[in-house]
Amino acid sequence: MRDSLRSSVFSLLLGLAGVTVGAVVPGAALAQDSADFRAYLESLRPRARAMGIRDATLDGVFATLTPNPRVIALDQTQPGGGAYSPIPNFEPYRRQHVDAARISRGRIAYQANRARLARIEAETGVPEEIMVAIYGHETNYGSYTGDFDLIRSLATLAHEGRRRALFEPELLATLKMLDNGVPRSRLIGSWAGATGYPQFLPSVYLRLAKDGDGDGRADIWTSEADALASIANYFVQAGWRRGQPWGVAVSVPSSFDRASVAAKTNPARCPRVFNRHSRWLTMAEWRKLGLFPARGIWPADTVMATLLEPDGPGKTAYLLTGNYRAILDYNCSNFYALSVGLLADAVK
């Protein structure tokens with residue numbers, strides 16, 4: 001589409017200058033782009049076959065695909081931010097995402113699914129309320145899961161090329177889902193490929209989706225049992241530790257020496273997130289430094305935690321365990337992970 005746009009602008013400029021344009025016209029550029037798109041799809045056949053995807057599946061879907069310019073526009077307007085760029089306060093985000101309506105709907109979903117939630121927690125160690133909080137954050141308890149054609153969106157993003165390394169494997173995973181028998185009508189979601197109640201990427205679905213209701217299918221689009229079991233399985237694979245909280249809100253004394261607990265490593269992943277965390281200390285060590293829980297009780301003395309002060313000194317701070325890192329694995333954002341934990345606590 002970039003070539004098409006350049007050709008259109010060039011033709012317009014020449015036309016305004018009184019020059020007749022013959023060979024380069026918008027229609028020809030669009031046709032060329034369409035040919036490039038189809039050639040790109042065909043180039044995927046060897047990898048698709050290596051994954052066991054049948055040619056009949058590829059033939060049936062490739063013939064229906066066209067690029068979606070809206071998806072490219074959405075991708076190119078995503079907000080950025082360097083590892084050290086300013087970060088807003090957490091409190092406004094918390095008020096918006098851990099609000100009374102979401103808590104109330106979460107409690108309804110919690111009670112409606114208590115039997116299956118209790119069974120899944122007993123099997124996996126992932127708390128019932130964490131599963132519900134992810135469900136609530138991702139799709140507002142299933143009320144909105146996206147309306148983009150996943151295959152068309154991912155084919156468009158992979159062909160465009162700016163982030164092909166991310167989107168091409170997800171396109172192939174979606175084709176594998178289709179070949180495995182997932183109906184095309186189910187393959188709907190966000191413009192970037194997330195789908196179903198848990199908003200799994202297709203590659204995650206293939207690895208981790210679970211049958212929670214015993215019907216032999218992992219239907220994360222219409223079955224709450226399957227969606228909740230799949231969320232729990234995600235956290236098991238992310239290293240969730242049974243019996244540990246995600247974290248605890250704490251008060252930090254005004255005399256606290258933050259430099260003494262500063263992390264000394266440079267994170268390779270999500271530096272914008274992890275650069276805000278202290279180094280790891282045990283709960284007993286944090287208590288000796290004068291921190292105390294804002295409410296409730298301490299986790300066990302031997303539990304390791306990092307300190308995060310999302311709104312700066314003097315505001316609510318959090319000691320965060322390894323289970324918080326599992327939430328970050330789902331979405332590497334401190335605001336997201338904190339609000340999931342706080343919503344879970346409120347729902348419970």
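Ring pairs join F200, Y234, F235, W240 and Y330 into a cluster. The model is predicted.

**Exercise 1.** Classify the pair formed by F200 and Y234, and state where in the chain its two residues lie.

Solution. The centre-to-centre distance between F200 and Y234 is 6.1 Å, and their planes are 40° apart. Planes under 30 degrees apart count as stacked and over 60 as edge-to-face, so the rest are tilted. The pair of F200 and Y234 is therefore tilted. F200 lies in the loop between strand 2 (188-189) and helix 12 (202-208), whereas Y234 belongs to helix 13 (residues 224-237). The two residues are 34 residues apart, and their pair links distant parts of the chain.

**Exercise 2.** Decide whether F200, Y234 and F235 are buried or exposed, then classify the pair of Y234 and F235.

Solution. Buried means under 20% relative accessible area. F200 has 2% relative accessibility, so F200 is buried. Y234 has a relative accessible area of 11% and is therefore buried. For the rings of Y234 and F235, the centres are 6.1 Å apart and the planes are at 75°, so this pair is edge-to-face. F235 has a relative accessible area of 0%, so F235 is buried.

**Exercise 3.** State how many aromatic pairs the model has, and what sits over the ring of Y110.

Solution. The count is 15 aromatic pairs. Over the ring of Y110 sits the charged end of R114, 4.7 Å from the ring centre.

Methods. Residues are numbered from 1 along each chain as its sequence is written. This is a predicted model: local features need pLDDT of at least 70, side-chain atom pairs count only at pLDDT 80 or more; totals for chains, interfaces and linings use all residues. Side-chain values use heavy atoms; hydrogens and water are left out. Rings of Phe, Tyr and Trp (its six-membered ring) pair if their centres lie within 6.5 Å; planes under 30 degrees apart count as stacked, over 60 as edge-to-face and the rest as tilted. Helices (H or I, at least four residues) and strands (E, at least two) are DSSP runs, numbered from the N terminus. Buried means under 20% relative accessible area, exposed over 50%, partly exposed in between (1.4 Å probe, protein chains only). A charge sits over a ring if NZ of Lys or CZ of Arg is within 6 Å of the ring centre and within 35 degrees of the ring normal.
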